[in-house]
Structure formats: structure tokens, C-alpha cells
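Keep the sequence and the 3D view side by side for this tour.

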Amino acid sequence: MSEPIVTTGAAPGLQPSVAPRIESHDFVKNERLFSLYVQALQRFYDSQENKADSHFQIGGIHGLPYVRWDNAGPEKPVGVPAGYCQHSTVIFPTWHRPYCALYEQILNKHAVEIAGTYTTNREEWQKAAADLRLPFWDWALHALPPKQFYDHRQYSEVTITLPDGSKKPVKNPMLSYRFHSGHGPAPPNHDNPTYNVLSTLPATLRHPTRPVGPNSTSDIASFESVLTREFEDTRPDTATLLLEVTDWFGFSTQAAASGAWTRSLEAIHNTLHVKIGFSGHMNYVPYAAFDPIFWMHHCNVDRVVALWQYINYNTWVSPRNDAGSTWVTKPGSLADENTQLAPFRIDQNSFWTSTQCRAPMTLRYTYPDFQGLDMNDLPAVSTAITQRVTQLYYDKDTFAAFPGLVPTMAAAKIAEAQAPLGIAAASVPLTGAVESVAAAAASLGASGSSRRTPESIEWTVRVRCKQADLRHVASILIFIDGVPDDQYGFMNDKRYAGSFDPFVNPFPKLCQNCVDGDGIVIEGFVHITYSLIKRGLNVLDARAVEEYLHKNLKWVPRMHNGEYGRVEDLKSLEVTVIDTPLVGGEGVDIPAIGAILPEGSDDPRGSPHYVGSWDTFFDDLAQDSLNPGDKTPTVIQSFVNLTRAMTKRLGSDGLQPAVAEPFLKENLSWCILRQIDNQRIDLNEVPSLEVVVLAIPMTDSGNGPPRKSGPPVEYPDITEGKEGGYRSHEDNEAGV
């Protein structure tokens with residue numbers, strides 16, 4: 001028996017050891033990389049499907065045929081037969097990182113072997129093979145991938161350079177994978193007609209022509225129109241995710257959480273799966289990885305992870321008791337940065353973890369976004385990537401959502417109503433809660449306030465539902481002004497506002513992660529501000545929007561077979577409207593956080609100048625009840641980190657003392673808010689207050705975050721002479 005496959009990444013032992021994955025539109029223009037990729041992919045397909053390193057077996061890790069892969073894990077699954085994939089969990093992004101690297105590793109191996117057969121310019125071809133990495137499709141920049149990857153009408157064949165130096169057309173393997181048995185794997189003991197039809201298809205399809213069956217082909221016109229419309233949401237939602245979401249849970253998973261306000265990476269990923277497949281293989285978890293487009297999609301998912309992690313370089317996987325399980329994961333087990341990412345081995349005895357694959361370079365790849373950057377200077381990398389993301393994806397005219405401190409719930413539970421065709425859609429019963437927005441908007445521009453009137457209010461529809469209710473649901477479709485009769489062409493209808501696409505495994509009895517996760521509530525968000533603006537509504541007029549949405553907002557499930565479903569069948573479905581104010585700062589291109597605050601509030605925390613706070617949280621009533629002689633003269637303290645604020649304003653130079661000290665001396669200020677009503681009070685009412693700036697020397701720790709390398713250094717000159725600033729001990733009458 002051969003040794004199990006160790007996931008190393010591409011081209012082990014070859015130089016360069018790290019090479020960039022290239023965006024697909026640039027990739028097809030590179031003659032050598034493209035020619036090698038086409039040949040290597042076809043050789044990958046031709047591998048016997050019972051071999052662990054075949055395209056079929058690697059694709060099967062994600063789902064069907066639900067068998068043990070390469071002896072990874074116990075001989076029998078922890079529960080029922082299951083795949084290994086991780087969804088609706090905090091390790092969704094990191095599990096797919098070594099998965100893509102494994103596929104890339106085997107593809108690259110084929111390319112290296114092919115390059116060795118070239119009879120002209122062999123060294124150049126061998127170097128190209130060493131450099132070959134999977135292409136990624138940047139779906140936040142390009143609505144469609146290059147036609148070579150999807151259009152069988154124009155590119156049933158592609159012209160490449162062959163080993164003898166000739167240029168000839170060859171069969172295009174990027175369009176589809178053809179199953180060796182003549183049909184795809186079938187889920188055992190399952191009689192649902194939709195999935196039985198899928199198992200009869202001889203090759204993977206996208207947007208299959210109807211009726212779906214062995215004679216179906218991919219509908220290119222539908223593919224292009226659906227993804228072009230979806231791009232209107234994908235681009236701003238990706239910008240929002242990268243620029244404003246700073247916690248791992250909100251970034252990584254579609255599992256529901258309080259305080260979430262925009263689509264997670266998993267939710268964006270899910271929608272693209274559904275819209276790429278549209279009743280084809282990419283639409284379904286158990287079949288998705290057989291389609292070659294899966295890999296260019298997931299490489300961009302991984303790229304978004306890399307962009308986010310280097311913007312937020314001190315944040316990584318946050319632990320969570322995962323309710324689900326896979327072939328190797330017990331139900332209810334803790335998922336964190338040290339959870340084994342089976343079945344991907346780091347050596348013969350253990351599997352990769354999220355900590356070990358945190359740096360993409362560990363798996364021998366990078367992305368063009370990082371080329372030319374000093375990856376040891378993490379603050380500078382964060383600044384550079386933030387600027388790049390803003391340049392690539394942020395478009396102020398789309399009004400992408402930026403959060404307030406406390407989003408206001410403007411609607412609650414579903415109420416049923418009849419849509420066209422007698423379909424049970426829903427119309428939203430907006431409550432009076434939205435009135436607080438109108439008051440907040442007025443207070444933001446009130447006289448005496450330092451806060452600006454919001455430039456806009458972002459309106460968002462939040463959809464929540466238990467996984468168990470979504471087994472046969474592809475999407476929850478959101479419409480404004482009515483539900484169109486055309487169940488298949490709805491995305492071209494002006495009433496379509498967006499969708500929540502859960503991407504839930506349809507075979508719960510055969511997927512342990514689904515059996516144990518039936519009680520999990522997942523969520524998604526559809527931003528509707530732009531839809532309201534196009535209809536001529538003033539989004540700052542909360543009362544008018546409330547009245548309009550109460551009458552016109554509707555939703556309906558779209559089933560996997562492409563037809564509308566019934567809302568009343570989704571017992572746990574909850575649709576809520578959230579509104580969030582947006583404010584701008586001088587010289588700031590991106591709207592800053594705007595908090596909804598009580599009328600007349602002088603609270604500065606919604607200002608773009610706000611950096612952080614010290615929140616004391618102690619029992620002042622207990623202290624007041626003591627006799628004066630018994631009160632303990634305890635001095636308490638806390639810290640507000642200025643690093644990110646300084647790098648945002650001044651770049652990496654803002655961390656240098658020669659730059660930071662004069663800047664902070666001129667610009668650093670503070671105030672005190674009273675606990676009971678958040679009103680400002682005079683600084684002299686807290687005579688013992690002392691604010692001092694500290695600088696802590698840090699050093700590079702290799703793969704992890706920087707480490708403290710020395711004691712803090714005080715900079716008393718920055719705050720000395722200001723009310724509540726540094727005081728020498730001789731001047732410190734308060735006893736601090």
C-alpha cells in the first residue's frame with residue numbers, strides 16, 4: 001500500500017518555492033501557464049477514479065460518494081456516512097485552504113511532468129510549470145470569468161502550445177468534468193427525483209437546460225445574465241466585508257449571531273455557488289467540487305480570506321462549539337485554530353490546523369495583491385491591502401452597508417400574504433421601531449452637535465432560518481413591488497432585490513454535519529438601499545421607507561428544481577429589516593460608522609474621529625455607601641490601542657516616534673461621558689484623571705503576530721499641560 005498523500009502545496013523542491021495564483025483574465029493570456037494548465041487538467045481528469053489523487057476522488061472529499069478518502073480518519077465515520085467539508089462553522093475558510101492547495105499540488109505535479117516532454121525551450125516550460133498555480137476568478141471585480149472557462153459555444157476547443165512547439169486546438173477541459181462511469185455518484189437510499197436526475201447526468205453542468213436530464217446542456221445566456229445581475233450585490237458586499245467587519249465570527253461563517261449586519265464570506269460564497277450552478281452541480285454541496293469552476297471560485301474565496309487576515313493581522317479563528325460533525329469530527333466539538341483540518345495531512349501522522357496554514361506562503365502560493373510588500377511589516381501590509389481593496393471594490397454610489405453601533409430592527413416576524421400564481425410569499429409588517437431612526441437623523445444634525453447629518457441610511461433585509469427547514473431550498477428571494485410570474489427569469493426582473501442562498505446539503509441522513517446541525521440557525525443579508533434609491537425614495541425619510549416596505553417588500557423560497565416554494569413550509573423562517581446610518585468624515589472616501597444615539601446626545605462615539613474608550617464598570621453605589629474613612633483609594637487603569645488608527649491616518653510611518661509624537665501632541669483629545677445618560681461632563685470633575693501615551697517596542701515573531709520586545713516607554717510631553725493629561729508627581733495633588 002502506498003503512503004498517504006501529504007498536502008505540501010505545489011512544486012515541492014522546485015524553485016521558486018512560492019509563486020502567485022493569477023487572476024483568470026490574466027491567466028488565459030499567459031501562453032505557457034495556460035497551455036500547461038489545460039493539459040494538466042485533462043491528465044488529472046483521466047486518472048482512474050478509484051485513485052486517491054484523481055479528480056474524482058479529490059472532488060469527493062467535499063461530498064459524494066461519502067467514502068473514506070486516503071485512509072484519513074477511522075475506518076467508519078463518527079456518525080453516519082459523511083463527507084469531510086466544513087460549512088456553517090468558524091473553520092469554513094481555513095478548511096478550504098489546504099483543500100485548494102491539495103488540488104493545486106496534484107495539478108502542478110502533472111504540469112511538471114508534461115513540461116519535461118517539451119522538445120523546444122524545455123527549461124522555460126519547466127520554469128513555467130514550477131510557477132503554475134490555480135487561477136482565481138475575482139468575482140468582486142469581474143462579473144463573469146473568461147469565456148474559455150464557461151462558453152462551450154465559442155470555446156468547445158482552446159488553442160494551446162503542445163510539447164513539439166506546435167499550436168493546435170484541443171478539447172476544452174475547463175467547461176465540465178465527464179464522469180468515467182457515464183453518470184455521477186448517487187446518494188444511497190434517496191428517492192428525491194431532483195437528486196436522482198443529477199446522478200444520471202454524464203458530466204457536470206451549469207444552468208442546465210430544461211427539462212434537466214442526460215441531454216441537457218449548459219445555458220450560457222442564463223449563466224451570463226444571472227451572474228451579471230448578481231455582481232451588483234457581490235462587489236459592494238465584498239468591499240463591506242473586507243473594510244468594515246473586524247471579528248472572525250462575523251467574517252467567516254453564515255451561522256447566526258447577534259449584532260451581524262452584512263453578508264459573511266460564507267454567505268457570499270454560498271450565493272455564488274447557487275448562481276453559478278442554478279440547478280447544476282455547483283448548486284449542491286455533495287456535487288460542487290466535481291465542477292472545475294469550483295476551484296477558481298474557491299481560490300478567490302481563499303484570497304478574500306488572505307486580504308482580510310492581513311488587514312486584521314491580530315485576528316484569527318475564534319473558538320466556537322461547533323454543533324455539527326464530519327467523518328472525523330464529533331458533534332458538539334470545539335472548533336478553533338487548533339482543530340485538525342482532516343483529511344489534509346501535514347505529515348504522515350497529523351493533519352493541518354488553521355494555525356499552521358495561517359500564512360498562505362506555507363503552502364507555496366501567494367496572490368498578486370501581496371507582491372512587492374514587506375510581509376514582515378504587518379501594519380504597512382494592512383495599510384497597503386486596505387488601500388488596494390478600496391481601489392478595487394469600493395464604489396460610494398452603491399451605498400454598501402457600514403454599521404452603526406446598534407442597528408435598529410425595523411421589522412419582525414413574517415406575515416403571510418398571497419403573491420401572483422397563488423404562491424405563498426410574504427409581506428413585511430414593519431413596526432414603529434424605525435421611528436428612532438428619524439429622531440436619530442434629526443439629532444445628528446442638531447445645533448450644538450459635533451456630529452454630521454448622515455449621508456444615507458443603509459437598509460438591509462436579514463433572513464434567518466434553521467438549516468433543517470432549508471434542505472430543498474436553493475434561495476430565499478427578496479422582491480420589491482411584487483413577485484414576478486417567471487420563476488426562472490426572475491433575476492432579470494426589476495423587482496428582484498437580492499437573495500439569501502443557504503447552500504445546505506440536501507441529503508441530511510447521509511451527512512453527519514447536517515444531522516447534528518439541524519438546529520443551527522443560519523442567516524444572510526440583502527442590502528436594498530440601492531433598490532430603494534432607484535425607485536426614487538429618499539432613504540433618509542425613515543417613515544416613508546417604512547410605509548413603502550410595509551406594502552411592497554415580499555419574499556419567496558426558490559427550490560432546487562428552480563420553482564417557487566411556499567413560505568408557510570419554512571416554519572423557522574424569520575425576515576427582519578435593519579437600518580444603519582452612514583456618515584462621512586472630511587477627506588474620507590468611505591462612509592464612517594454612524595451610531596444611532598438618543599436625541600440631543602453629545603456622545604462622540606459615532607464620529608469618524610473616535611478611536612476607542614475606557615469603560616470603567618464598577619459599583620459606584622457600593623463606594624458611596626461607605627464611610628469616608630473606609631473608602632479604598634484604589635487607582636484603576638486601562639488602555640486604548642492607537643496602532644490601527646495611526647496607520648490608517650499616517651501609514652506605517654505613523655508608528656515611528658518621530659512622526660507619532662508631534663501628531664498626537666496636536667491631535668489627541670479625550671472626554672468623559674456620564675454613565676447614566678452618556679452626556680459629557682467637565683474633565684475637572686474627575687481630578688485624578690491622568691492620560692499618558694505609551695509606546696511598546698515590538699519584534700517580528702516569524703509566522704505569528706509581533707511580540708513585545710521591551711518595556712513600555714512613556715511620552716509625557718504628548719498630554720502634559722492638557723486637562724486630565726500627564727502630571728509630574730510634584731503636581732499630582734490627587735494622589736495618583
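Where is Asp-70 found? Asp-70 sits in the loop between α3 (55-60) and α4. The model is predicted. In it, the phi of Asp-70 is near 50 degrees, a positive value in a residue other than glycine. Most residues other than glycine have a negative phi. Is Asp-70 buried or exposed? Its relative accessibility is 16%, and buried means under 20%, so Asp-70 counts as buried.

Asp-481 also shows a positive phi, about 85 degrees, although it is not a glycine. Look for Asp-481 in the loop between β13 (473-480) and β14 (496-500). With a relative accessible area of 34%, Asp-481 is partly exposed.

Next come the cis peptide bonds. Most peptide bonds are trans. The bond from Arg-210 to Pro-211 is cis, with omega near 0 degrees. Pro-211 belongs to the loop between α6 (193-198) and α7 (220-244). Another cis bond joins Ala-342 and Pro-343, where omega is about 15 degrees. Pro-343 is in a strand, β6 (residues 340-347).

Now turn to helix packing. Start with helix α2 (residues 31-46) and helix α4 (residues 92-115). Their axes come within 8 Å and cross at roughly 110 degrees. That makes α2 roughly perpendicular to α4. The crossing of α2 and α4 is right-handed. On the α2 side, the contact is made by Leu-36, Tyr-37, Gln-39, Ala-40, Leu-41, Arg-43, Phe-44 and Tyr-45. On the α4 side, it is made by Tyr-103, Ile-106, Leu-107, His-110, Ala-111, Glu-113, Ile-114 and Ala-115. By class, the contact of α2 with α4 has twelve nonpolar, two polar and two charged residues.

Helix α4 also packs against α10, at an angle of about 130 degrees and with the axes 10 Å apart. How are α4 and α10 set, then: perpendicular or oblique? At that angle, α4 and α10 are oblique to each other. The crossing of α4 and α10 is left-handed. From α4, the contact takes in Phe-92, Pro-93, His-96, Arg-97, Tyr-99, Cys-100 and Tyr-103. From α10 come Phe-294, Trp-295, His-298, Cys-299, Val-301, Asp-302, Val-305, Ala-306 and Gln-309. The residues of the contact of α4 with α10 divide into eleven nonpolar, three polar and two charged. Tyr-103 is listed in the contact of α4 with α2 and in that of α4 with α10.

Stay with helix α10 (residues 293-311). How far apart are its end C-alpha atoms? They are 28 Å apart. At 1.5 Å a residue, the 19 residues of α10 should span 27 Å, so the two values agree. Helix α10 is mostly covered, with 19 of its 19 residues buried.

The last stop is Arg-229, in helix α7. Its relative accessible area is 11%, and Arg-229 is buried. Which residues does Arg-229 touch, not counting those up to four places away in sequence? They are Met-491, Tyr-496, Ala-497 and Gly-498. Arg-229 and Met-491 are 262 residues apart in sequence. In space, the distance from C-alpha to C-alpha is 6.7 Å.

Methods
Residues are numbered from 1 along each chain as its sequence is written. This is a predicted model: local features need pLDDT of at least 70, side-chain atom pairs count only at pLDDT 80 or more; totals for chains, interfaces and linings use all residues. Side-chain values use heavy atoms; hydrogens and water are left out. Axes are lines fitted to C-alpha atoms, for helices over the stretch in contact, and angles run from 0 to 180 degrees between N-to-C directions. Helices (H or I, at least four residues) and strands (E, at least two) are DSSP runs, numbered from the N terminus. Angles under 35 degrees count as roughly parallel, over 145 as roughly antiparallel, 65 to 115 as roughly perpendicular and the rest as oblique. A crossing is left-handed if the near helix is turned anticlockwise from the far one by less than a right angle, and right-handed if clockwise. Contact means heavy atoms within 4.5 Å. Ala, Val, Leu, Ile, Met, Phe, Trp, Tyr, Cys and Pro count as nonpolar, Asp, Glu, Lys and Arg as charged, and the others, Gly among them, as polar. The expected span of a helix is 1.5 Å times one less than its number of residues. Buried means under 20% relative accessible area, exposed over 50%, partly exposed in between (1.4 Å probe, protein chains only).
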